[in-house]
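Take a look at the protein below.

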Amino acid sequence: MLSVELHAHSELSYDGRDPVDLLLEQAEAIGLDALAITDHDEFDASLEAARKAPDYGLVGIPGMEITSQAGHVLGLGLEEPVEPGLPFGETLDRIREQGGIAVVPHPFQESRHGVMANITRDELAAADAIEVYNSRLLTGRGNRQAGTFAEEFGLPKTAGSDAHISEMVGQAVTRVDADERSVEGILDAVREGRTEVDGKRTPWRISFRQAAGGAKRRMIAKLLELF
């Protein structure tokens with residue numbers, strides 16, 4: 001089984017903090033096999049990480065967290081960015097056209113752009129996999145709802161730390177029974193549901209610190225736009 005981080009953010013995300021190399025160093029230090037940097041509507045850092053990952057003994061999975069009209073969708077295995085603001089179903093299609101997989105993170109948490117505030121259960125069931133454990137949820141309710149949904153519809157399950165600082169990479173990982181240690185091998189195993197989830201909740205103090213740091217960076221960016 002490979003240990004894979006499928007949901008992490010670099011400084012390229014509006015609410016991220018650290019450069020690619022720090023995330024890769026953390027992933028190597030804790031013994032992960034693969035890392036996907038999934039910045040908000042940004043792709044360059046993920047490509048950089050995929051290029052550098054072998055230097056750290058890792059598989060780098062190119063991806064991004066796309067803001068669809070319904071909410072957030074993880075596109076994994078991408079070759080180019082998927083534009084934000086598309087309908088949910090079209091976002092899934094754009095990901096698959098590139099040979100990638102569409103994983104829906106924290107679907108039941110409306111405050112963090114969870115899609116279930118805006119789509120039906122049948123629409124959600126069209127995803128390739130559901131993130132059933134997100135380390136940054138302050139309570140377990142959203143994760144339990146996601147897990148129950150995945151069980152009901154027979155969908156593959158993933159986990160993600162949703163790290164916005166490098167120290168939290170690997171807080172929650174997906175154990176993948178892949179036939180080979182490669183991007184294709186990992187994504188094929190996720191599609192086929194050969195996964196297990198393993199993780200622990202991000203400490204509240206760190207979640208609040210990440211959120212505060214993101215708010216500060218957004219405020220600075222808006223002020224810079226005025227000048």
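Predicted model: local features only at pLDDT ≥ 70, side-chain atom pairs only at ≥ 80, totals over all residues.

Residues are numbered from 1 along each chain as its sequence is written, and side-chain values use heavy atoms, leaving out hydrogens and water.

Some terms come first. Helices (H or I, at least four residues) and strands (E, at least two) are DSSP runs, numbered from the N terminus. Two strands pair if DSSP finds at least two bridges between them. Contact means heavy atoms within 4.5 Å. Axes are lines fitted to C-alpha atoms, for helices over the stretch in contact, and angles run from 0 to 180 degrees between N-to-C directions. Buried means under 20% relative accessible area, exposed over 50%, and partly exposed in between (1.4 Å probe, protein chains only).

**The whole chain**

The protein chain has 7 helices and 9 strands. Of its 227 residues, 54% are buried. Among contacts with a separation of 6 or more, 67% join residues 24 or more positions apart.

**Inside the sheet**

Strands of a sheet pair through backbone hydrogen bonds, either parallel or antiparallel. Two pairings are listed here.

| Strands | Sense | Bridges |
|---|---|---|
| Strand 1 (residues 2-8) and strand 2 (residues 34-37) | parallel | 3 bridges |
| Strand 2 and strand 3 | parallel | 4 bridges |

Ala-8 has Ile-37 of strand 2 as its bridge partner. Ala-34 stands opposite Val-59 in strand 3. How many residues of strand 3 are buried? The count is 8 of its 9, and strand 3 is mostly covered.

**Helices on the sheet**

**Two helices together**

Helix 1 and helix 2 pack at about 45°, with axes 10 Å apart. They are therefore oblique to each other (under 35 degrees is roughly parallel, over 145 roughly antiparallel, 65 to 115 roughly perpendicular, and the rest oblique). Val-20, Asp-21 and Leu-24 of helix 1 meet Ala-45, Glu-48, Ala-49 and Lys-52 of helix 2.

**Aromatic rings**

Rings of Phe, Tyr and Trp (its six-membered ring) pair if their centres lie within 6.5 Å; planes under 30 degrees apart count as stacked, over 60 as edge-to-face and the rest as tilted. The whole structure holds 2 aromatic pairs. Phe-149 and Phe-153 form a stacked pair, 4.4 Å centre to centre with 25° between the planes. Both lie in helix 5 (residues 141-153), 4 residues apart, about one turn of the helix. Phe-149 is buried at 1% relative accessible area, while Phe-153 is partly exposed at 29%. Ring pairs link Phe-108, Phe-149 and Phe-153 into a cluster.

**A buried serine**

Where is Ser-13 found? Ser-13 is in the loop between strand 1 and helix 1 (20-29). Its relative accessibility is 2%, so Ser-13 counts as buried. Not counting residues up to four places away in sequence, Ser-13 touches Asp-39 and His-40.
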